[in-house]
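Here is a note for a colleague who is opening this model for the first time. Please read the points with the structure in view.

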Amino acid sequence: MRNNKLRIWLLCSIAVALNIILGIVASSFKLPLYLDTIGTIFIAVYFGPWYGAAVGGVTNLITGIIFSPKDIPFLIVSVVVGLVVGFISKKFKFTFVTATITGIILSIVCPLIGTPIGIWVYGGLTGTGMDFLFMWLKQSGNSIFVSSFIPKIINNLLDKIGSCILIYLLIKSLPAKYKPTQERKSKYTSGLYQ
C-alpha cells in the first residue's frame with residue numbers, strides 16, 4: 001500500500017513538472033494553446049478527481065511563486081479541470097468519445113471560470129497568439145467579457161479537446177497492465193471519493 005501511494009505521488013510530481021514545462025513552451029511561442037493541463041488530465045484519469053485537482057492546483061501555485069503571482073488565481077480553473085476529468089473518467093471508461101466529450105465540456109467550463117479571472121488579472125488578454133482577436137473584438141465595440149471569452153473558447157477547444165485525446169492515445173498505447181481500469185482505479189483510490 002505504501003508503494004502505491006509513493007508511486008501515485010511520484011507520478012503526480014512528474015505531472016506537475018510536465019504542466020509547468022509545457023505551459024512555458026506554449027507561452028514562449030505564443031501558441032493558441034495552453035498545454036498546462038496535460039499532466040492534470042493524465043492524473044485525473046488514472047487516480048481520480050482529487051489527485052487531478054491537487055496536480056492542477058499545485059501547478060498554478062508553483063508557477064505563481066516562480067514566474068508570476070498572477071498565475072495563482074487561475075488555480076481555480078486547473079482544479080476544475082482535475083475534478084471534471086476525474087469524475088467523468090470515474091463514471092465512464094476513457095475512450096476516444098469520452099475524451100472528446102470531456103474536452104468539449106472543459107472547453108466551455110474553463111473559459112466561463114477563466115474569463116472573469118483573466119479580465120481581473122490581465123485586462124482580458126489570453127497570453128496566447130489569440131490576443132489579436134481580443135483586441136479586434138474589443139475595438140469593434142464588444143464588451144470586455146465577450147472580447148475575452150471568444151478567444152478563450154477557441155483556445156480551449158484546441159487545447160482541452162487535443163489534451164484529452166492525447167491522453168486517451170497515450171493510455172491506449174500503454175501495455176494492458178499499465179492501463180487504468182475501473183477495477184484498478186478502485187484498488188488504488190478506495191475511500192478517496194467518499
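1. Some terms come first. Buried means under 20% relative accessible area, exposed means over 50%, and partly exposed lies in between (1.4 Å probe, protein chains only). Helices (H or I, at least four residues) and strands (E, at least two) are DSSP runs, numbered from the N terminus.

2. This is a predicted model, in which local features need pLDDT of at least 70, side-chain atom pairs count only at pLDDT 80 or more, and totals for chains, interfaces and linings use all residues. Residues are numbered from 1 along each chain as its sequence is written, and side-chain values use heavy atoms, with hydrogens and water left out.

3. Start with H3. This helix has 18 residues and reaches 26 Å from first C-alpha to last. That is close to the expected 26 Å, where the expected span is 1.5 Å times one less than the number of residues. The buried residues of H3 are Pro49, Tyr51, Gly52, Ala53, Val55, Gly56, Gly57, Thr59, Asn60, Thr63 and Gly64.

4. H4 covers residues 75-91. Its 17 residues reach 24 Å, close to the 24 Å expected. Its buried residues include Val77, Val80, Val81, Val84, Val85 and Ile88. Gly82, Gly86, Ser78 and Ser89 are also among them.

5. Now the core. A nonpolar core is a set of buried Ala, Val, Leu, Ile, Met, Phe, Trp, Tyr and Cys residues joined through side-chain atoms within 4.5 Å. The largest one has 34 residues. Ile41, Ile43, Val45, Val85, Phe94, Leu106 and Ile167 have the most contacts inside it. H1, H2, H3, H4, H5 and H7 each supply at least two of its residues. H2 gives the largest share, eight residues.

6. What does phenylalanine 94 touch, leaving aside its neighbours within four places in sequence? Its contacts (heavy atoms within 4.5 Å) are Val45, Val85, Ser89, Ala99, Thr102, Cys164, Ile167 and Tyr168.

7. Ile104, Ile108, Leu112, Ile144, Phe145, Val146, Ile150, Ile154 and Leu158 make a nonpolar patch of about 680 Å². Patches are made of residues with over 30% relative accessible area and no salt bridge; like charges are joined within 9 Å, nonpolar side chains (Val, Leu, Ile, Met, Phe, Trp, Tyr) within 5 Å. Areas come from the Shrake-Rupley method with a 1.4 Å probe, and for residues only the protein chains shown count as cover. H5 and H7 each supply at least two patch residues. The largest share, six residues, comes from H7. Isoleucine 150 sits in H7 and is partly exposed, at 33%.

8. How many salt bridges does a search of the whole structure find? There is one. A salt bridge is a side-chain nitrogen of Lys or Arg within 4 Å of a carboxyl oxygen of Asp or Glu. Here aspartate 159 pairs with lysine 160 at 2.8 Å, N to O. Both residues are buried.

9. Threonine 37 lies in the loop between H1 and H2. Threonine 37 is buried, at 3%. Beyond its neighbours within four places in sequence, it contacts both Asp159 and Lys160, along with Asn19, Val81 and Ser163.

10. Most residues other than glycine have a negative phi. Lysine 30 has a positive phi, near 50°, and leucine 35 has one near 60°. Lysine 30 is partly exposed at 47%, whereas leucine 35 counts as buried at 16%.
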